[in-house]
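Have your viewer open and your selection tool ready.

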Amino acid sequence: MTIALATIASGAAAQNGVEIRRNQVGCYPEQEKVIVVEGMNPSGRIRVKTPNGKKLKPMVMRKAISPWSGKERYVIDLGKATDTGVYRISVDGKECELLVAERPYHDIAKASLRLFYLIRSGIPIEQGGLYNRPIGHPDTEVLVHPSAATPQRPASTVISSPYGWYDAGDYNKYVVNSSFSIGLMFAAYEQLTDYFAQLKTDIPESDNQTPDILDEMMFNLKWLLTMQDPGDGGVYHKLTTPNFEGFVMPTDCHQRRYVVAKSVTATLDFAAVMADAARLFQPFKDYANFPAQATAAAERAYLWAKEHPDTFYHQERLSDPAVSTGTYGDGNAKDEFFWAASALYRLTRKPSYLEEARQYQPTRFTLPSWGGVASLGAFEWMNDPQMTELRDPMVKQMLAYCEEAVKDVESSCFQSPYGNTPRDFGWGCLAEKCCCQAFVLLYADRLQDASNYTLQALQNADYLLGRNATGYCYVTGFGDKRPMHPHHRISAADEVEDPFPGMLVGGPNPGQQDKASGNLTYPSNYPDESYLDVEESYASNEIAINWNASSVAFLCWIDALAKE
Ligand code: 9MR
Ligand code: 9MR
């Protein structure tokens with residue numbers, strides 16, 4: 001409900017200066033135009049001018065008090081801002097702009113996908129403009145770590161394992177996270193096939209007949225295939241240096257790289273994503289031999305996993321050398337079994353996979369994350385009209401999740417489903433909670449007529465792009481208050497001032513795990529303000545492929561709305 005400006009309770013103490021929080025990228029004409037103002041003098045004036053210089057009548061919807069900081073904020077509806085162009089907003093003398101456009105999310109959506117090109121390893125980057133660089137990490141001579149040794153491939157065997165994307169701020173390549181990232185983008189691709197058929201990201205493969213998003217996935221799939229041990233079908237958990245490299249360019253990295261222990265989770269994620277890839281690449285002649293190869297790889301991997309259901313990754317057991325890089329550790333493979341069995345059933349229709357998918361089916365919906373992939377399995381059922389066996393329960397679980405997710409928007413901190421409980425903040429939260437939640441809402445809107453879920457997903461975009469407690473637009477290269485110092489080695493070590501564009505940072509994380517290894521002073525301990533735009537802050541300001549996968553899935557979807 002909206003109340004007239006004049007009726008705001010007077011007497012709220014003026015705080016230190018006015019802060020206007022708004023989406024800094026832009027909105028659709030038909031999207032809600034809500035801003036949130038902090039430190040507003042209740043008797044102050046809010047003025048909004050349309051692109052034609054007319055005045056709008058903003059309405060204060062309500063006061064929102066932060067459950068953590070106690071800060072008082074006003075949630076303000078700008079009114080009928082449906083003309084395209086720049087709106088000028090002023091509150092108590094503080095000014096800002098809001099862009100309304102027919103295609104506000106196109107550039108950021110495209111940059112989010114193109115980022116994967118910029119972080120390719122093992123090739124020179126020659127279409128990166130300012131960010132061109134010579135080849136680094138060829139990975140044509142990688143050692144088999146003792147933890148991964150077999151009679152056919154004893155320790156120190158040299159194998160070739162080139163290409164793939166760097167995982168994150170660091171230079172290693174991790175099967176769990178790579179497979180998850182592709183899987184999530186595949187799920188988006190299946191919903192937005194026509195959109196992606198058109199989306200060009202200016203990559204070396206842009207001139208072929210395959211959509212750029214699939215070419216980009218192929219760059220990582222090629223690497224993933226090399227991570228399967230040809231001897232037994234199991235998949236190495238990761239390709240890594242023993243310790244993280246310094247903040248240097250790829251060409252200055254000289255540590256040896258190893259493939260380490262196989263794990264059941266990596267092997268199942270690999271099986272699932274290969275099964276999906278085998279199906280999705282079928283129509284494209286550029287990769288004619290790939291579907292058969294991927295199908296065989298997926299089925300072999302799945303068999304290995306069934307024979308090694310308890311082979312989890314235990315980094316602490318590795319020696320000669322010991323390894324201290326990212327773990328992607330996970331002691332529960334039920335969700336990975338579910339995703340892999342579902343994907344393989346979809347590909348092959350073999351009854352054994354159906355049986356196993358049934359056996360491992362989840363009892364409630366959880367958002368996709370690298371360690372929780374049940375939803376990727378659920379999407380397999382929702383996406384294929386022929387797959388009726390588990391479809392209904394999967395849809396029902398997801399809709400129940402969505403109903404819960406949106407129920408407090410009207411009393412929320414920033415007029416969004418995301419950002420209202422401490423659980424919404426933590427390592428990688430902007431991806432795993434904010435973007436993934438929005439993606440799922442968009443997905444649900446397709447399944448259920450007459451829901452408001454698309455509008456609510458757009459509110460998460462407002463949050464992500466500036467209508468939040470810190471006022472950051474959390475994607476590099478966009479917005480007027482943007483991360484400039486992400487925990488990203490190339491962006492830190494290259495000579496270019498701006499970091500790579502299109503990177504979603506991890507976001508506010510009250511865990512502040514990086515304080516232990518650095519001299520970091522967070523500006524705040526409140527969950528939604530615990531963010532630091534400094535290079536050392538890997539717990540709040542790193543970037544990662546799984547996180548960008550979620551921003552691709554979300555931002556491309558809302559960009560695609562422009563065409564519908
Ligand atoms: O750079 C590393 C980053 O990619 C990881 O997410 C993070 C947590 O594993 O670790 C970072 O590396 C830091 C290490 O853990 C501690 N010493 C400082 C390293 C670089 O800041
Ligand atoms: O995304 C991962 C997060 O969920 C974990 O809490 C964190 C600590 O284990 O690790 C994150 O993943 C990092 C990985 O281990 C190494 N590369 C950088 C990743 C992003 O920080």
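How far is an oxygen atom of ligand 1 from an N or O atom in the side chain of arginine 489? Select both and check: the distance is 2.8 Å.

Before moving on, a word on conventions. This is a predicted model, in which local features need pLDDT of at least 70 and side-chain atom pairs count only at pLDDT 80 or more, while totals for chains, interfaces and linings use all residues. Residues are numbered from 1 along each chain as its sequence is written, chains are lettered from A and ligands numbered from 1 in the order in which they are written, and side-chain values use heavy atoms, with hydrogens and water left out.

**Stop 1: ligand 1**

Now show the whole shell, with a heavy atom within 4 Å as the cut-off: Asp170, Phe244, Trp427, His487, Arg489, Ser517, Tyr538 and Glu542.

**Stop 2: ligand 2**

Next, select ligand 2. Around it you will find Asp167, Ala168, Asp170, Tyr174, Gly326, Thr327, Tyr328, Trp370, Trp427, Glu542 and Trp547.

Which atom of ligand 2 lies 2.9 Å from a polar side-chain atom of aspartate 170? It is a nitrogen atom. Tryptophan 370 has a polar side-chain atom 3.0 Å from an oxygen atom of ligand 2, and a side-chain N or O atom of glutamate 542 is 3.0 Å from a ligand 2 oxygen. Taken alone, ligand 2 exposes 450 Å², of which the protein buries 79%.

**Stop 3: the loops**

Proline 321 belongs to the loop between helix 6 (290-307) and helix 7 (334-348). Helices are DSSP runs of H or I with at least four residues, strands are runs of E with at least two, and both are numbered from the N terminus.

Then pick serine 156, in the loop between strand 9 (142-144) and strand 10 (158-159). Its phi is near 75°, a positive value in a residue other than glycine. Glutamine 512 is also not a glycine, yet has a positive phi of about 45°; look for glutamine 512 in the loop between helix 13 (489-493) and helix 14 (538-541).

**Last stop: the whole chain**

Zoom out. The protein chain has 15 helices and 13 strands, and its C-alpha atoms fill a box of roughly 80 × 50 × 45 Å along the principal axes.

How values were computed: Polar contact = N/O pair within 3.5 Å; in protein donor to acceptor, adjacent residues only side chain to side chain. Areas by Shrake-Rupley, 256 points an atom, 1.4 Å probe, with all protein chains shown as cover.
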